[in-house]
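I set down each item as I looked it up.

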Amino acid sequence: MKIYHVYYEGVHIGELYCEGDKQKYIVNHENIQELIKQGEPINPVLMKDKEEFGEAIPYFKVRLDSNERFRDIEIGFITDKVRIRE
């Protein structure tokens, strides 16, 4: 199983767990609420726990797939405020 830490502009907002093609996502609600208070536009996908392993979450899957060729770098799109680290 791989564990990824999800950050929004350097603030830890959750953890993504991947086991084969299955994923689950646990939100750091305290940090998300702080970002919302600061007026940050947080994608709703990032605010919702998925506590059981299930189908891959498209938001994360596309980012992980796009960066599969480049190991040992931060995962995320250049226009994103979200970064994923293994």
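Entry 1, basis. I worked from a predicted model, in which local features need pLDDT of at least 70, side-chain atom pairs count only at pLDDT 80 or more, and totals for chains, interfaces and linings use all residues. Residues are numbered from 1 along each chain as its sequence is written, and side-chain values use heavy atoms, without hydrogens and water.

I looked for a side-chain nitrogen of Lys or Arg within 4 Å of a carboxyl oxygen of Asp or Glu. By this rule I noted four salt bridges.

I found Glu9 in a salt bridge with Lys81, with the closest N and O atoms 3.7 Å apart. Glu9 lies in the loop between β1 and β2 and Lys81 in the loop between α2 and β5, so this pair ties together parts 72 residues apart in sequence. Helices (H or I, at least four residues) and strands (E, at least two) are DSSP runs, numbered from the N terminus. Glu40 also forms a salt bridge with Lys81, at 3.3 Å from N to O.

Entry 4, helix α2. I recorded a salt bridge between Lys61 and Asp65 at 2.7 Å, N to O. The two residues are four apart in helix α2, separated by about one helical turn. Shared partners join the salt bridges of Glu9, Glu40 and Lys81 into one network.
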